[in-house]
Amino acid sequence: MHRQGNGPLSPPLNTIELTDITKTYTSSTPRNTEKNSFTALQDISLRIGLNQITLLKGPSGSGKTTLLSIIGCMARPSSGRIHFKGKEITSLPERFLAEIRRTQFGFIFQNYNLIRGMSVLDNVTLPAAPSNETSLAIRERAMRLLDKFKIVSKRAQKVEHLSGGEKQRVAIARALINDPDVIIADEPTAHLNTELSMEFLDILAGLSQEGKTILIASHDPLIFGASAVNHCVELRDGQIVVREKARCDGL
Ligand SMILES: Nc1ncnc2c1ncn2[C@@H]1O[C@H](COP(=O)(O)OP(=O)(O)OP(=O)(O)O)[C@@H](O)[C@H]1O
């Protein structure tokens with residue numbers, strides 16, 4: 001723990017620290033006669049080490065996606081605090097959160113969320129758009145990423161014509177375009193066969209060695225057994241039931 005000025009002790013700089021995070025969704029009936037609320041996360045406290053691969057597992061509906069979206073500043077918790085690299089970010093206004101989201105996080109979604117009708121290159125450069133860089137510099141960076149993931153020859157192709165594995169690699173390149181410290185992947189291997197899933201894991205292991213922090217939500221036993229995974233956290237009904245270092249097969 002370190003002290004910011006004369007203020008209270010803060011979590012270490014090399015962590016993402018969640019304290020008592022609760023997320024309640026509230027919805028109302030069409031005529032607003034009745035309000036329903038559902039608590040998707042309940043009092044989650046968790047320290048995530050930077051430069052590590054952390055796996056979130058748990059049955060469908062256990063809260064993995066909700067937790068990832070809160071960590072990635074895409075949603076706010078109903079209560080609780082998040083410290084990102086030692087700094088409290090929960091109470092920041094939306095424009096600051098959006099900046100953290102854009103510069104510090106890269107996202108890989110289950111269905112890749114690539115934009116149909118646009119080329120591979122344009123999909124990869126998309127998250128870089130609101131920046132001070134020239135479009136040439138952004139495109140050069142995108143080309144380097146496409147080259148790294150062996151998909152540069154498809155740069156002009158519309159994404160809907162790519163294979164599943166190619167879409168996955170485009171999604172990884174897009175997640176990296178702003179050179180984020182943290183990569184969030186939600187069910188990243190759900191549509192991949194074993195060979196492509198292994199290839200994806202190799203890419204993640206390489207990114208981890210380069211110093212990236214990786215958070216994965218997954219049901220995939222292949223990921224549970226991956227030697228690259230450093231920490232495993234199991235959720236059930238919105239609560240952490242198991243946290244374990246290193247391999248998590250057999251949890
Ligand atoms: N916007 C929302 N409004 C109401 N309930 C929601 C909302 N988003 C998620 N939920 C509920 O919160 C719970 C947790 O959902 P979440 O998507 O985080 O689970 P998950 O563990 O990622 O599931 P899966 O493995 O199926 O993707 C579920 O019961 C879901 O129905």
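This is a predicted model: local features need pLDDT of at least 70, side-chain atom pairs count only at pLDDT 80 or more; totals for chains, interfaces and linings use all residues.
1. Let's begin with the overall picture. The protein has 251 residues, and 35% of them are buried. Its secondary structure consists of 7 helices and 12 strands.

2. Next, the nonpolar core. The largest one holds 56 residues, and those with the most contacts inside it are Val124, Ala173, Ile184, Leu215 and Ile216. Helix 5, residues 164-176, gives the most to this core, with 6 residues.

3. Within helix 5 you will find Lys167. Why does Lys167 count as buried? It has 22 C-beta neighbours inside 10 Å, and the cut-off for a buried residue is 20 or more. Setting aside neighbours within four places in sequence, Lys167 is in contact with Tyr112, Leu114, Val159 and Leu162. Arg144 is 23 residues from Lys167 along the chain, and their C-alpha atoms are separated by 17 Å.

4. One of those contacts of Lys167, Tyr112, has a feature of its own. Tyr112 lies in the loop between strand 8 and helix 3. Its phi is near 70°, a positive value in a residue other than glycine. Tyr112 is buried, with 21 other C-beta atoms within 10 Å.

5. Lys85 sits in the loop between strand 6 (79-84) and strand 7 (87-88). With 18 other C-beta atoms within 10 Å, Lys85 is partly exposed.

6. Now follow the chain to helix 6, residues 194-209. Its 16 residues should span 22 Å at 1.5 Å a residue, and its end C-alpha atoms are 22 Å apart, so expectation and model agree. Which residues of helix 6 are buried? They include Ser197, Phe200, Leu201 and Leu204. These cover an arc of only 100° around the axis, which puts them on the same side of helix 6. On the other side, Glu195, Asp202, Gly206 and Gln209 are exposed. The cover over the buried residues of helix 6 includes strand 5 (53-57), helix 5, strand 10 (213-217) and helix 7 (221-224). Just after helix 6, Gly211 takes a positive phi of about 105°.

7. Thr189 is worth a stop on the way into helix 6, as it is found in the loop between strand 9 and that helix. Thr189 is buried, with 22 other C-beta atoms within 10 Å. Leaving out neighbours within four places in sequence, its contacts are Ser197, Phe200, Ser218, Asp220, Leu222 and Ile223. Of these, Ser197 and Phe200 are among the buried residues of helix 6. Asp220 is 31 residues from Thr189 in sequence, and the two are 7.2 Å apart in space, C-alpha to C-alpha.

8. Finally, the ligand. How many residues surround it? There are 13, and the closest are Tyr25, Ala40, Ser60, Thr65 and Thr66. Strand 3 (15-28), strand 4 (35-49) and helix 1 (64-71) are the elements that give two or more residues to this shell. Helix 1 supplies the largest share, 3 residues. By type, the shell divides into 4 nonpolar, 8 polar and 1 charged.

Technical notes. Residues are numbered from 1 along each chain as its sequence is written. A nonpolar core is a set of buried Ala, Val, Leu, Ile, Met, Phe, Trp, Tyr and Cys residues joined through C-beta atoms within 7 Å. A residue is buried if 20 or more other C-beta atoms lie within 10 Å of its own, exposed if 12 or fewer, and partly exposed in between; C-beta atoms are placed from the backbone. Helices (H or I, at least four residues) and strands (E, at least two) are DSSP runs, numbered from the N terminus. A residue is near a molecule or strand if its C-beta atom, placed from the backbone, lies within 6 Å of it. Ala, Val, Leu, Ile, Met, Phe, Trp, Tyr, Cys and Pro count as nonpolar, Asp, Glu, Lys and Arg as charged, and the others, Gly among them, as polar. The expected span of a helix is 1.5 Å times one less than its number of residues. The arc is that of the directions from the helix axis to the C-beta atoms. Two residues are in contact if their C-beta atoms, placed from the backbone, lie within 7 Å.
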